[in-house]
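Here is a short briefing on selected packing features. Read it beside the sequence and the coordinates.

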Amino acid sequence: MSPRRKSRVVWSLAAIAIGLIFAGAGLWLIDRPDLWLWLITGTVFVLTGAVGLAIGDNAPQISWASIVGAELIVLYTLTPVVYLVSLSLKGGNADVNQGGFLPHDPGFTNYETVFEFSLFQHALFNSFGISIISTSISVVLATFAAYAVARLRFRGKKLVLSVALAIAMFPVVALVGPLFDMWRAIGIYDTWIGLIIPYLSFTLPMSIWVLSAFFREIPWEMEQAAEVDGATAWQAFRKVIVPLAAPGVFTAAIITFFFAWNDFVFGISLSSTERSIPVPASLAFFTGASQFDQPIAAIAAASVVVTIPIFVIVLLFQRKIVSGLTSGAVKG
Amino acid sequence: MGIRARRRVAAIAAVAGAAAGLAACGGESSGDTPTLNWYINPDVSNLEAYVTDEDGNQAPGGQAYLALKCSEESNGAYDITVRLLPNDASQQREQLVRRLAAEDESIDLMSLDPAFTAEFANAGFLQPIPKEQQTQLSEGMLDGAVEAATYDDNLVAVPLWSNTQILWFKKSVAEKAGLDMTKPVTWDQIIDAAEQTQTTVSVQAKRYEGYSVWINALISGAGGQILEDPQDGKDAKITIDTPEGKAAAEVVSKLGNSSAAPPALSNADEGGTVASFSAADGGFLVNWTYVYSDPNVAPFKDDLGWVRYPQTTDDDESRPPYGGINIGVSNYGKHTDAAYEAAACLTSAESQKTYAQSSGNQPARSAVYDDPEMKEAFPMSALWRESIDAAAPRPLTPYWSDISTALYSSWHPPSSVDPDTTPEESQQYIEDVLQGKALL
Amino acid sequence: MASTTTLEPTKAAPGGRRAKARSPESAENRLGWKLAGPAVAVMLLVTAWPMLRALYLSTFSYRLTDPDNREFVGISNYGVVLSDSLWWRAVGVAVFIMVVTVAVELVIGFAFAMVMNNILVARGLVRASILVPYGIITVVSAYAWLYAFQPTTGFVNQWLHLDPGTNLFDDFWGSIFVICLAEIWKTTPFVSLLLLAGLSQVPNDAIEAATVDGATWTQRLTKVILPSMRAAIMVAVLFRALDAYRIFDSPFIMTGFANGTAPPSGLVYNAMIQRVELGLGSAMSVLLFLSVLIIAFGLMKLFRVDLSQVRGD
């Protein structure tokens, strides 16, 4: 048996084994209705293995190890998300209290609740507004700075990079106290601008890195070439450089948006009413419809709602995000 | 259960409060009518003025209803909008402190836990009340309620309702355990009874204010107190390392390490304890009086019993916790005169009666207790009043939030409490925290 | 792509505009600062200024709700913090979370990177799914894991047939376990993507040569693959370690810093925002900042690499 063939057989069998373990564990341990999850997972793995064995050597370029691995990755990344969706569909306190993964009495009441709740609507509006504004400003400032860093020689360039690096490592919580004190003194506590300013500071380092990495890859000779060909400097910049730089700017914008959308610390410390409260902070302070209600399912529904934009962005722009993340080696 | 079904759709709300609620009913302030923002703690209906049952019948709700009613009665003098604070008392305080420290003009009235009233008054967050108005506002109020709203010999807030905890139990469980509930019971007895019947004793023992409420009641029940000379602020004398403190620790430790402890004991707040009490293996619960109005206990209301708060020791009478809500008027609001007028209306005898009937929260005015309708709606109202008279409030010190946090931190989780060491350690810790020598 | 070059520690400095040097150096200096200046100013505005204010406030005993008793206490706040076991415990908790999560994330992240490196079908799908945990709001992830492990309402206890009384959030180890789990779930994708970028740096002929020489899989891994991924691993460790040390959202949501799970950032929050104890809180802010600096420098020393070089400067 060739090593390639041997590895294919081994991994096909491994997939079948994983599948059987899932199905078996499900039958052995898990009550209805959650049992279905385990059976379906098991079936997917068994089928993978069966296809792997049946397909023979006809598709040698497909590594079965990686397919089983990919299935495990998807299982890993999506389980908690699917659980949130499932929790959000649970039909009432009784259903929630029953526990388990899948709802017994599915329905959309929690979504109705969440959307009837005006603080949450305000929070969505605030979060979109604040995130988009700070992303735009941050990307513009970062583009200038990154251009300087990537293309110019000037004294203090190292300083710019060091400041960016230091800010990226800065413990955000250490700032909220003094910022709260200052913001209340100058009267921008609980306002959009009060959140936009700190978001700017903390997204700039990432944007600068992502962008300067992109700018270094741009073949700037083309600009000169265009100028030689008679284009003005502005035309050369607009026609040649902008299209090349745009993907980088876009990537930086996405990663910046993620940061602003995700922020919690500034949100809970520097805002408090529907005037400026962002989504993550509003989630943390949900209460039930009355003092007797546990808001678990409603929080889950709200969580699903605020994850949808992330999902869409990730599906549409995954390639850009990955290249941005690894080029700048930053994190949002 | 009908009420509940409607409520779920009603409104979920959060800390900072939604602009929802009364805007629709009260009508946006037209012309000169000042809008007063009232920050309320969650109660029976949160932002909804009415609760609606399955058949579509409407009944008055909680504070939101009072706001609506008083706005109407004011004939345009003011228009109250309710905004909601978080569920637990510590977070309510945290929210208000932050906003008041920022001198936020959008707070006019606030529902304040008595435990934090002293701190707010000391910080200058509350608008001082003229002396004559103080007498007027406090007339007919229970002494305990007035005391809990007084700081530095001034009435600084107006009691809306007073509250106390009683022992709720399932009659079937007590019967099975052979426990005579007509006589005062001790913590030992109910824990033993629960162990014996394989049921649980639910107490608020999450790492939050409610846990300090329990500890304070236990220490007071043994005849002690958490501190002496509350007016000394950070130099008050802490008295937890005492035989009374030890007696309290014994109860906490016993329940914490008992099979009678519900699974989520160390994470249980008021709502969580009602949930574990309502579960099949629920046996006993100490909780505020509003439990009677909680839809979770409706299914077994026939089996629901209530007696006075359990005793810490065999000999001393119990000292139930004192709670409730005072209405404070912010120093930074724009309409303080209207706000005091509104506070007077919200806390009138009539308001308190309506509020008690809808929310199950006890009135702060003694006259309301004698009302026949009240007696009929709440068969245990005599016990309520007796409990309030016997209640031990938490110390009225501006530093209560620090003391409380240090206290519940060092006693948490209940299973880790050691009667021989915990009281001493927590006393030392509280003293250090007050003196700025230890972190929280 | 860009990734392949920037992760090389020894990348040559880019040519830059100097190549065509139409203007004297001072003009380029000015332009450089004109372009980079605003960004630097904004970054410093929200960090340097509050930090200086924190330094100033940290010399007072000052509680916002007791303004009359504000007094100058010199550096005694620092003494209080540094001599308090709670502070050191918090540092210990953060370091524990840091070590555990980074170690686990490197292992899982490497496995994921290997898979993604080899996979030929459904690449986009796998990449998109791995970006979901990365992009999801940390608070949402914390809620998902918190609810999953709740004794009655969650599913994990039921699936594992644990005793109904089991509540992981009852004690320190249970709480810290779930906190680490949530953290690992959320940030492993970031690590795996960095490692994937590093993996594509590994010269294929070197691996083949090693295979021909009869090297075992382990030998290939430790002698060829990992050494050529050094830069990527280093960046991943540095960034994740600093992030993990600053952890705040998950313990805030899951335990409210109960059961001794408060990291230093939790203590700072409690002092500053909850107790409005600005003096002591400011001192802790300063110390938190210093401890992050120490860890950052320690890691950089450990890797013997100047980070700004890694950035491709």
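Strand 2 (residues 35–40) of chain B is mostly covered, with five of its six residues buried. Buried means under 20% relative accessible area, exposed over 50%, and partly exposed in between (1.4 Å probe, protein chains only). Helices (H or I, at least four residues) and strands (E, at least two) are DSSP runs, numbered from the N terminus.

This is a predicted model, in which local features need pLDDT of at least 70 and side-chain atom pairs count only at pLDDT 80 or more, while totals for chains, interfaces and linings use all residues. Residues are numbered from 1 along each chain as its sequence is written, chains are lettered from A and ligands numbered from 1 in the order in which they are written, and side-chain values use heavy atoms, leaving out hydrogens and water.

**Strand pairing in chain B**

- Strand 2 of chain B runs parallel to strand 5 (residues 79–84) of chain B, and six bridges join them. Two strands pair if DSSP finds at least two bridges between them.
- Tyr39(B) stands opposite Arg83(B) in strand 5 of chain B.
- Strand 2 of chain B is also parallel to strand 6 (residues 109–112) of chain B, through two bridges.
- Trp38(B) has Leu109(B) as its bridge partner in strand 6 of chain B.

**A covered helix in chain B**

- Helix 18 (residues 400–410) of chain B is mostly covered: 10 of its 11 residues are buried.
- Among them are Trp400(B), Asp402(B), Ile403(B), Leu407(B) and Tyr408(B).
- The buried residues of helix 18 pack against helix 4 (89–101), helix 5 (114–122), helix 10 (209–221), strand 11 (227–228) and helix 19 (422–434) of chain B. Contact means heavy atoms within 4.5 Å.

**Helix packing within chain A**

- Helix 6 (residues 118–151) and helix 11 (residues 233–262) of chain A pack at about 140°, with axes 8 Å apart. Axes are lines fitted to C-alpha atoms, for helices over the stretch in contact, and angles run from 0 to 180 degrees between N-to-C directions.
- Helix 6 and helix 11 of chain A are therefore oblique to each other. Angles under 35 degrees count as roughly parallel, over 145 as roughly antiparallel, 65 to 115 as roughly perpendicular and the rest as oblique.
- The crossing of helix 6 and helix 11 of chain A is right-handed. A crossing is left-handed if the near helix is turned anticlockwise from the far one by less than a right angle, and right-handed if clockwise.
- Contact residues include Leu124(A), Phe128(A) and Ile132(A) of helix 6 and Val249(A), Phe257(A) and Trp261(A) of helix 11.

**Helix packing between chains**

- Helix 9 (residues 192–217) of chain A and helix 2 (residues 25–45) of chain C cross at roughly 130°, their axes coming within 8 Å.
- That makes helix 9 of chain A oblique to helix 2 of chain C.
- Helix 9 of chain A and helix 2 of chain C make a left-handed crossing.
- Helix 4 of chain B and helix 14 (residues 264–274) of chain C cross at roughly 60°, their axes coming within 10 Å.

**Two residues of chain A**

- Asp181(A) lies in helix 8 (residues 173–186) of chain A and counts as buried, at 4% relative accessibility.
- Leaving aside neighbours within four places in sequence, Asp181(A) contacts Arg53(C), Leu57(C) and Leu278(C).
- Phe108(A) sits in the loop between helix 4 (93–98) and helix 5 (109–116) of chain A and is exposed, with a relative accessible area of 58%.
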